[in-house]
Every structure is written in C-alpha cells, then in structure tokens.
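Subject: Structure for you to look at

Hello,

I am handing over the structure that I have been going through, and my notes on it follow below. Please keep the model open while you read, so that you can find each place for yourself.

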Amino acid sequence: MLRLHDTATGAVRPFEPRDAGRVAMYVCGPTVYDVPHLGHGRFVLVFDVLRRYLEWSGYEVRYVSNITDVDDNIIQRANAEGRSESEVALQYEAVWYEATDALGVRRPDVDPHATAYVEHMVGLVEQLVERGCAYETGDGVYLSVESVPGYGLLARQSLDSLQSGARVEVDDEKRSPVDFALWKKVKPGEPSWPSPWGPGRPGWHTECVVMALDLLGDGFDIHGGGQDLAFPHHENERAQAVAMGRSFARHWVHNGWVMVGGEKMSKSLGNFTSLVDLLERVDGRAYRLLVLRSHYRSPLEVTPDTTADASSALERLDNLVRRAAAEALPRAAPDVGALDRFRTAMDDDLDTPAALAVLFDAVRQANSALDAGDPAGAAPLVATVRELAEAMGLVLGGDDEAVDPDTAALVAARDEARAGRDWAAADAARDELVARGWVVEDTPAGTRVRRRRN
RNA sequence: GGCGGCGUGGCCGAGUGGUUUAGGCAAGGGCCUGCAAAGCCCUGUACCCGGGUUCGAUUCCCGGCGCCGCCUCCA
C-alpha cells in the first residue's frame with residue numbers, strides 16, 4: 001500500500017485513488033519561454049518515477065501535464081526578439097521535450113496548452129463572477145479569496161497571516177492583497193482573446209484548474225509540481241475549484257528544489273544551470289540516478305562532484321548488465337524477496353534512496369554469483385536488477401559505441417601481443433586505447449573496450 | 001513579523017529508541033590479473049550543541065546554535 005506525503009495535510013498518508021486500479025494525475029508543466037534548468041529536470045524525473053512506480057504497482061495511470069504557452073515572460077521575449085508569442089512558445093516547447101526525452105522521461109498522455117483552453121477559462125471566470133466569488137476591476141477580474149473557505153491550506157497558513165505577510169504591491173481596487181487575477185485586460189503589444197470584460201488573457205492560475213478538471217474530472221487523484229508551486233499557484237487553483245463547489249485534487253505532491261551552493265536554483269536568482277548544458281556533459285541516466293539518490297522532498301545539491309559520483313554508480317550498473325549479457329544466462333524471474341524490499345521502500349513515500357540500496361545489493365550479489373561461475377544463481381539477481389531499474393525508468397547496459405577500424409586494429413594487436421606474451425607491446429596497445437578514451441578490459445574472450453564516461 | 005524544512009562517517013545520502021550492517025562515490029588493505037581494468041572480500045568505530053524523559057537516544061521532548069525555503073514570477 002503506497003503512502004505519500006500530502007501537502008494539504010502536511011503528513012504522509014495512504015494513497016487511495018478515486019477509482020480502484022486507476023490513477024489520474026496532473027503535473028504542472030513548464031512555461032515555455034526559455035531553456036529548462038536543472039530544477040525542471042528534477043521535477044519531471046520525480047513525477048516520471050512516481051508514474052512508473054504506480055504502473056509497476058499495477059495501476060492504470062492517466063498522466064496529464066500542461067504547457068503554459070501564454071504568459072508575461074513569453075510576451076516579453078517575443079517583443080524583445082520581434083517575433084510572435086507562438087513562435088517563442090513553439091521553439092521552447094521543442095527544446096523542452098528534447099531535454100525530457102534525453103532524461104528518459106515518458107511524455108504525458110495529454111499535454112494541454114493554455115492557449116487551447118482560453119474559452120473554457122473565460123467560462124470558468126464568468127461562473128465565478130456569477131457566484132459572487134470574483135469581481136472586475138480596471139485591469140482585470142480577480143478572485144476574492146475571502147469567499148473561499150480554507151484558503152491557505154496548501155500554504156499551511158491562515159488567510160490572516162498570509163495577508164499580513166503579503167509582499168504584493170498594494171492595489172486599491174483589489175479587495176485583499178492576496179486576491180489574484182483570473183483575467184488580465186489587454187495592454188498594448190499583448191496577445192488577447194475576447195471576453196465579457198473586453199479583450200485580454202487568462203491569469204496563470206486558471207489554466208490548470210480548467211484543464212485538470214476537464215481532462216481528469218472532479219476529485220482526480222494527484223496534483224504535483226515543485227514545492228514553490230504549492231503557494232500561490234496550487235493554492236489558487238484549488239481556491240477556484242472550491243469557489244465553484246467542485247472537488248479538486250485528492251493528494252498534493254510537491255518535490256524539493258535543486259540547490260546550488262546551498263541556495264535554491266531559480267530563474268529569479270539567476271543561478272541556474274540549463275538542463276541542456278548538463279546533458280551535454282552528463283548521461284541523462286546519471287542525472288536520473290542522482291535525483292533518485294535523494295528523497296524527492298529533500299533539497300538536492302547538484303555539483304560536478306555529485307554528478308560524477310552518480311556517473312560512476314551508473315557505470316557499475318551498466319557493467320553488470322553488460323557482463324550478464326555476455327554470459328548468456330538462463331531465463332529467470334526476479335528475486336521475490338528483493339522485489340518485496342523494493343516495494344516496501346517505494347511505498348514509504350517513494351523512498352528511492354532505500355530502493356536503490358535494494359538494487360545495488362542485487363548488483364553485488366549478481367556479480368558474486370558470476371564470479372563464482374554460477375549462472376543459475378546469477379540469473380534471478382540480474383533479472384532483479386533489470387526489473388527494479390526499469391521500474392525507476394533506468395535503462396541499463398548502455399549502447400556500446402561502435403568500434404572504429406583503428407580501434408579494432410589496436411584491440412587485435414593487443415590480443416596478438418598477449419597471446420605471444422609480449423607484454424610491452426600489449427601494454428603499448430592498451431595505453432594507446434586509453435589515450436583515445438576507451439576503457440580496456442581483458443576477458444576470457446579477449447580484450448574488450450568501451451567508451452569511458454564523464 | 002508569520003509559516004515550514006534541514007543539520008548523519010572524506011563526500012553524497014537513507015534510516016532506527018538497544019542485538020549485524022543502509023546504499024553509492026572516494027580512500028586504504030587483500031583476492032583475482034603477466035600488469036591492469038572490471039568484479040569480489042575486508043577496514044574506517046557517523047549521527048550540530050546543552051538539558052530532559054528512559055534501564056538505554058543519533059532516533060522522543062524542551063532550549064540553543066547554524067543553514068535553507070515559502071509568504072512576489074519561479075519546478
């Protein structure tokens with residue numbers, strides 16, 4: 001039985017889906033105005049792992065994640081670069097998926113775009129106004145948080161303390177500083193859509209309510225995102241649903257941030273590393289492993305040291321799978337005990353570090369069995385490693401880089417020299433291979449090479 | 001000011017009121033190897049500080065110190 005932390009209650013509690021055997025989850029996606037950074041990489045991995053684990057556990061999962069393709073930043077960039085908002089959005093959406101693909105993150109079942117939902121959003125705002133929960137001002141339409149019982153649930157603060165601590169600029173027309181825009185009336189140089197309040201565009205917090213309820217229905221199971229979305233974004237989504245008298249997410253899941261030098265990585269601090277840059281130097285699987293190595297709600301420090309560490313650990317996993325592939329092991333089912341330990345760890349609020357410990361234990365045992373010349377003993381352990389890695393989205397073994405003719409010649413030369421016990425020549429060939437970036441290993445079948453990582 | 005989180009061995013990072021250990025990376029020793037690499041075995045006596053509860057606390061409670069975050073766009 002999976003237990004998951006729920007931001008709404010601040011506690012880990014049993015996960016009980018709306019419909020038996022099925023999970024409907026919504027994860028807040030990116031605003032596509034720039035390249036994704038490491039923090040984006042972490043959240044897509046965290047929720048990809050949750051999704052995969054739910055499926056591995058037997059649930060049928062419907063996974064929805066939006067693309068915000070209209071917003072201040074996109075408009076600003078489009079104007080600065082003299083092109084249209086949709087051009088900017090399309091470009092960065094392509095970059096987004098290229099990066100998440102490289103991480104091995106499965107694409108959502110549905111990826112709704114805000115611009116395709118504007119009419120729905122206008123409809124929602126109209127209803128909120130009719131219900132007396134929203135009001136029009138000179139520059140837009142706002143939701144009155146006073147009309148929402150329990151506002152502050154996700155912030156885990158009372159409305160009073162939120163109001164007293166509010167840092168938003170005072171706007172005379174707003175009834176409370178915490179009230180937020182549902183609709184923004186058009187300003188010069190901005191894209192707009194028609195509405196009862198004149199041309200304008202939707203506020204950010206409205207798209208996710210509309211799309212989540214439309215695609216997953218009332219009372220869907222999981223709503224996820226980075227911790228910084230809990231307040232105000234998710235709070236405000238929930239406020240709209242509550243104001244409409246509709247039930248919203250049953251379970252709120254938020255992941256911790258990526259840190260750099262002890263500080264939160266964020267666009268506003270300007271201390272972010274682009275995910276695209278990282279993926280040029282580091283295997284996407286190593287980043288997945290790095291993310292898996294800490295609990296999803298803890299902060300995660302990403303440095304050259306921690307990524308190198310993860311790369312080495314990944315190599316250990318790859319090495320076993322390669323080694324096993326070369327030995328033609330009998331078919332075998334995974335070890336039941338290990339699977340149980342894995343399940344226990346993951347069921348405990350997705351304790352992936354503990355789950356990895358189970359995986360690495362199986363790796364060591366499999367290597368031992370292989371060392372002992374016991375393929376029958378190794379087979380179930382190798383099957384376990386494959387099974388668990390796959391459950392967490394890690395594809396092991398790696399694609400062995402094709403060996404070019406020069407390299408093949410060096411390998412052949414080394415084998416010949418070794419056969420003739422000409423160690424000097426053999427070592428010279430090895431040195432040359434290493435200099436060319438290969439890892440050289442002698443096996444009963446002769447010299448084997450593979451690309452060195454990092 | 002309000003609210004929340006964190007402080008574990010060289011590094012990363014789980015976890016637990018007490019018998020044997022998380023796990024990974026790095027390091028040292030050993031086995032294997034022509035030498036290596038890969039792999040295996042062994043080693044390091046860790047839990048911010050001060051009180052309290054307890055037969056016993058890293059693990060619960062209180063206080064302190066330090067760090068971080070949210071209350072504004074942000075994954």
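A residue is called buried when its relative accessible area is under 20%, exposed when that area is over 50%, and partly exposed in between, with a 1.4 Å probe and protein chains only. This is a predicted model, in which local features need pLDDT of at least 70 and side-chain atom pairs count only at pLDDT 80 or more, whereas totals for chains, interfaces and linings use all residues. Residues are numbered from 1 along each chain as its sequence is written, chains are lettered from A and ligands numbered from 1 in the order in which they are written, and side-chain values use heavy atoms, with hydrogens and water left out.

To begin with the overall layout, chain A is divided into domain 1 (3-264), domain 2 (304-391) and domain 3 (405-451), where the bounds come from an automatic or database domain assignment. Between the C-alpha centres of domain 1 and domain 3 there are 56 Å.

Next come the helices and strands, which are DSSP runs numbered from the N terminus (helices are H or I with at least four residues, strands are E with at least two). The axes of helix H1 (residues 38-56) and helix H9 (residues 284-292) come within 10 Å and cross at roughly 75°, and H1 is therefore roughly perpendicular to H9. Here an axis is a line fitted to C-alpha atoms, for helices over the stretch in contact, and angles run from 0 to 180 degrees between N-to-C directions; those under 35 degrees count as roughly parallel, over 145 as roughly antiparallel, 65 to 115 as roughly perpendicular and the rest as oblique. Contact means heavy atoms within 4.5 Å, and among the residues that meet are Leu38, Leu45 and Arg52 in H1 and Tyr287, Arg288 and Val291 in H9.

Aromatic rings are worth a separate look. Rings of Phe, Tyr and Trp (its six-membered ring) pair if their centres lie within 6.5 Å, and planes under 30 degrees apart count as stacked, over 60 as edge-to-face and the rest as tilted. By this rule there are 10 aromatic pairs. In one of them, the ring centres of Phe15 and Tyr59 are 6.1 Å apart with the planes at 80°, so the pair is edge-to-face. Phe15, at 1% relative accessibility, is buried.

Trp56 and Phe342 also form an edge-to-face pair, with 5.1 Å centre to centre and 85° between the planes. Because Trp56 lies in helix H1 and Phe342 in helix H11 (residues 336-347), this pair ties together parts that are 286 residues apart in sequence.

Which residues does Tyr151 contact, leaving aside its neighbours within four places in sequence? They include Leu162, Phe180 and Phe231, and Tyr151 itself is buried at 5% relative accessibility. The peptide bond from Phe231 to Pro232 is cis, with omega near 5°, and Pro232 is placed in helix H7 (residues 230-243).

Finally, two residues other than glycine have a positive phi: Asp349, near 55°, and Arg421, about 55°.

Best wishes
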